[in-house]
Amino acid sequence: MSSFNFEVISLFPKAFELINNSGVITRALDKNLIDVNLHDLREYGEGSYRQVDDKPYGGGAGMVLKPEPIYKAYESIRKSPKSKTLLMTPQGKVLKQKDLVRWSALDQIIIICGQYEGFDERIRCLADEEISIGDYVLSGGEIPAISIINGLTRLLPGTLGDPDSLVDESHNSFLLEYPHYTRPLIFKDMKVPDILVSGNHEEIKSWRRQKSMERTLERRSDLISNQNYKKSPQSKRIIKEYNQFMEFRRGNEYDIYPDW
Ligand code: SAH
């Protein structure tokens with residue numbers, strides 16, 4: 001089995017040392033499920049100073065990554081036919097679990113990390129997708145890139161000890177995951193809910209489903225009203241179940257899709 005290939009263009013490749021020390025992802029590297037090639041932007045810099053950035057035309061604060069080094073680094077990468085190039089930018093589409101799932105069917109992701117004020121506008125055309133990891137601004141694209149490498153790698157077969165962990169987890173459907181408990185049974189006067197030690201698997205399943213719904217409603221009701229989720233058969237089933245649950249809990253006032 002060939003490994004999933006990440007090619008990363010960054011001015012601070014050292015930041016990626018984190019993935020050599022992060023549990024599941026490090027194991028995936030050791031097992032050759034993934035390989036990560038770092039392209040140090042500095043090596044593609046211009047002139048004897050290997051210049052990679054310059055002042056913005058029109059003035060203003062900060063430095064901008066020059067287009068030539070990024071192009072050169074990009075052109076040095078051997079592209080697979082099943083590849084996508086992602087540009088890290090707070091102006092991009094906000095990363096969702098479904099993007100990671102979609103990309104996990106490829107065999108290569110090329111990631112371009114910005115720094116400083118960002119990059120010259122003319123590199124945008126290299127990207128298939130522009131991705132933001134949230135509505136806040138970091139100083140560089142390295143942490144966003146690591147987030148993508150991490151989140152995608154754990155979806156690859158053979159990475160997680162038990163692939164079932166992917167089924168229930170938050171954001172896999174539009175529900176957040178139910179609460180977890182492990183030993184001890186009583187910790188600082190807080191007891192594990194009786195149902196979880198009852199041994200009744202059907203009831204445990206339904207308790208967990210109910211907790212997932214409550215939790216989603218309380219914390220992220222936007223996930224449920226997100227129209228995208230209406231499309232899949234799985235979500236139709238869950239929304240129906242959700243509506244029944246809400247009917248049971250508060251009457252009909254929360255019926256989110258009454259036309260179903
Ligand atoms: N001046 C730019 C922000 C530059 S931040 C602007 O206002 O759009 C410097 C670099 O960090 C960016 O080029 C990008 O690669 C990365 N970055 C910062 N925040 C990010 C986020 N939320 N998602 C993805 N990349 C981000």
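Mentor: Start with Ser 10, which is found in strand β1. Keep in mind that this is a predicted model.

Is Ser 10 buried or exposed? Ser 10 has a relative accessibility of 1%. The cut-off for buried is under 20%, so Ser 10 counts as buried. Now set aside the neighbours within four places in sequence. Ser 10 is then in contact with Phe 16, His 39, Asp 40, Leu 41, Cys 113 and Glu 142. Two of those names, His 39 and Asp 40, fall within β2, which spans 34–40.

Strand β1 itself covers residues 4–10. It takes part in packing with a helix. The buried residues of α2 pack against β1, β4, β5 and β6. Which residues of α2 are buried? They are Pro 67, Pro 69, Ile 70, Ala 73 and Tyr 74. An α-helix has 3.6 residues a turn, so residues three or four places apart point the same way.

Lys 66 lies in the loop between β4 (64–65) and α2 (67–75). Lys 66 counts as buried because its relative accessibility is 14%, and the limit is under 20%. What does Lys 66 touch, leaving out residues up to four places away in sequence? The list is Glu 46, Gln 51, Val 52, Asp 53, Asp 54 and Asp 120. Asp 53 and Asp 54 are the residues of β3 (53–54).

Arg 50 is in the loop between β2 and β3. Arg 50 is not a glycine, yet its phi is positive, about 50°. Its relative accessible area is 39%, so Arg 50 is partly exposed. Asn 32 is another residue other than glycine with a positive phi, near 60°. Asn 32 belongs to the loop between α1 (24–30) and β2 (34–40). With 53% relative accessibility, Asn 32 counts as exposed, since that label needs over 50%.

Back to the strands that α2 packs against, β5 among them. Which strand gives the most to the shell around the ligand? It is β5, with four residues. Both β5 (83–94) and β7 (129–132) supply at least two residues each. In total, 21 residues surround the ligand. The closest are Met 88, Gln 91, Gly 114, Glu 117 and Tyr 136. By class, the shell holds 10 nonpolar, 10 polar and one charged residues.

Now the ligand's oxygen atoms. One lies 2.6 Å from a backbone N or O atom of Met 88. A polar backbone atom of Gly 114 is 2.9 Å from an oxygen atom of the ligand. For a backbone N or O atom of Gly 140, the distance to an oxygen atom of the ligand is 3.4 Å. How much of the ligand is covered? Alone, the ligand exposes 560 Å², and the protein buries 88% of that.

Arg 183 and Pro 184 are joined by a cis peptide bond, with omega about 10°. Pro 184 sits in the loop between α5 (165–168) and β8 (186–187).

Finally, the whole chain. It has seven helices and nine strands. Of its 260 residues, 43% count as buried. Take contacts with a separation of 6 or more: residues 24 or more positions apart account for 74% of them. The C-alpha atoms fill a box of roughly 70 × 40 × 40 Å along the principal axes. The chain exposes about 15,400 Å², and carbon and sulfur atoms supply 51% of that.

How confident is the predictor? The average pLDDT is 91, and 91% of the residues score at least 70. Over residues 254–260, however, the pLDDT is below 50. That stretch has 18 contacts in the model beyond near neighbours in sequence.

Definitions and conventions
Residues are numbered from 1 along each chain as its sequence is written. This is a predicted model: local features need pLDDT of at least 70, side-chain atom pairs count only at pLDDT 80 or more; totals for chains, interfaces and linings use all residues. Side-chain values use heavy atoms; hydrogens and water are left out. Buried means under 20% relative accessible area, exposed over 50%, partly exposed in between (1.4 Å probe, protein chains only). Contact means heavy atoms within 4.5 Å. A residue is near a molecule or strand if one of its heavy atoms lies within 4 Å of it. A polar contact is a pair of N or O atoms within 3.5 Å; within protein, one must be able to donate a hydrogen and the other to accept it, and residues adjacent in sequence count only if both atoms are side-chain atoms. Accessible areas come from the Shrake-Rupley method with a 1.4 Å probe; for residues, only the protein chains shown count as cover. Ala, Val, Leu, Ile, Met, Phe, Trp, Tyr, Cys and Pro count as nonpolar, Asp, Glu, Lys and Arg as charged, and the others, Gly among them, as polar. pLDDT is the predictor's confidence in each residue, from 0 to 100.
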